[in-house]
Amino acid sequence: MRLLVTGGAGYVGSVCAAHLVDAGHTVTVLDDLSTGHRDAVPDGARFAEGDLAQIAGDVLGEGVDGAGYDGVLHFAARSLVGESVARPELYWSGNVVTSLALLEAMRAHGVPRLVFSSTAATYGEPEQVPIREDAPTRPTNPYGASKLAIDHAIGSYARAHGIAAVSLRYFNVAGAHGRFGERHAVETHLIPIVLQVAAGQRESVSVYGDDWPTPDGTCVRDYVHVDDLAAAHLLALDHARPGEHGIYNLGSGAGFSVREVLEACRAVTGHPIPAVTAPRRDGDPAVLVASSEAATAALGWRPQHTDLARIVGDAWRFTQHRLSLV
Ligand code: UFG
């Protein structure tokens, strides 16, 4: 297929773009490089640099090799929960307004398929774990609210305009795919922060609260390997049906506490990784674990890399690779 990958120079977008190229698709990456990296665009993909809201129409209208695009995978977004609380305007314009412009450009140029990066943050504090897709959606921050608003917009476009759409709600994405991995200027995610300690770039890691109602008192999350996530996107492209909007959670179905993640990182890196207990972080739910039964039933998706040591090991190899470049 001829595919446009927005945000394809970012973490999840670059890994998915690499998988799409490997699978034989014709890929164009569109990214403004505000948080992505030019060298994360995989070899074999075309690259269009610019603001999505401004250039999506031109890129889709131009097509590839004289033919129109068959689909869009939409990763481009702002995704920092804390930033979204402090500066919500960035999320309403950067995520919602931009996505509406993309939907309009797709409609104008008759692009039939869309796979969208949604998030577990659309659910907010869960009433039941594991979280299913019919759980209430009550996001606790503007990041999750902006993604939920886009999900609603996509559903209505699918029904009214016949787009074949799938939203994939990621839980805690981790790991790396060779030279493609997590490289944020401002890092807030647990595993990369812990690996920065192992790499000598930080003294210690703060554990945000050890008095949560969980077995060891630290928060529990569902870590899903970025390669498994990419596999789900390829399946979603194949299974998307005109006029329908499928919504699927993507997690490994197992929860690991912050302390368990620390232990796995110590075992993989051989570094003691000092940890300091700190106050709870605002907006953190105690436990977030996905039910991915719907993705398995509808898409045939089964995560392959659910072992925490494997996930951390791939992220650690990526961290070492980046260090070897400086
Ligand atoms: N944590 C620490 N110390 C740190 C960083 C994180 O203890 O330095 C803890 C957090 O409190 C949390 C867990 O590690 O309990 C995981 O935190 P991350 O920041 O890695 O991930 P989140 O669970 O906060 O975020 C994920 C996705 C978001 C999504 C959110 C849904 O990355 O995009 O789940 O709530 F919005």
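Which polar backbone atom lies 2.7 Å from a nitrogen atom of the ligand? The atom belongs to Ser-206.

The model is predicted; local features need pLDDT of at least 70, side-chain atom pairs count only at pLDDT 80 or more, and totals for chains, interfaces and linings use all residues. Residues are numbered from 1 along each chain as its sequence is written, and side-chain values use heavy atoms, with hydrogens and water left out.

View 1. An N or O atom in the side chain of Arg-221 is 2.7 Å from an oxygen atom of the ligand. Arg-281 places a polar side-chain atom 2.7 Å from an oxygen atom of the ligand. Of the 690 Å² of accessible area that the ligand has on its own, the protein covers 91% (Shrake-Rupley method, 1.4 Å probe).

**View 2. The shell of 19 residues around the ligand (a heavy atom within 4 Å).** Leu-190, Ser-206, Arg-221, Arg-281 and Asp-284 are the closest. The shell comprises 11 nonpolar, five polar and three charged residues (Asp, Glu, Lys and Arg count as charged; Gly is among the polar). Helix H6 (190-198) supplies at least two of the shell residues, while strand S8 gives the most, with three (DSSP runs of at least four residues for helices and at least two for strands).

**View 3. The open sheet S12-S9-S14.** Its three strands show mixed pairing (at least two DSSP bridges between two strands). Strands S12 (256-257) and S14 (287-288) form the edges, each pairing on one side only. Strand S9 (residues 220-221) pairs with S12 in the antiparallel sense over two bridges, and Phe-256 in S12 is the bridge partner of Arg-221.

Definitions and conventions
Polar contact = N/O pair within 3.5 Å; in protein donor to acceptor, adjacent residues only side chain to side chain.
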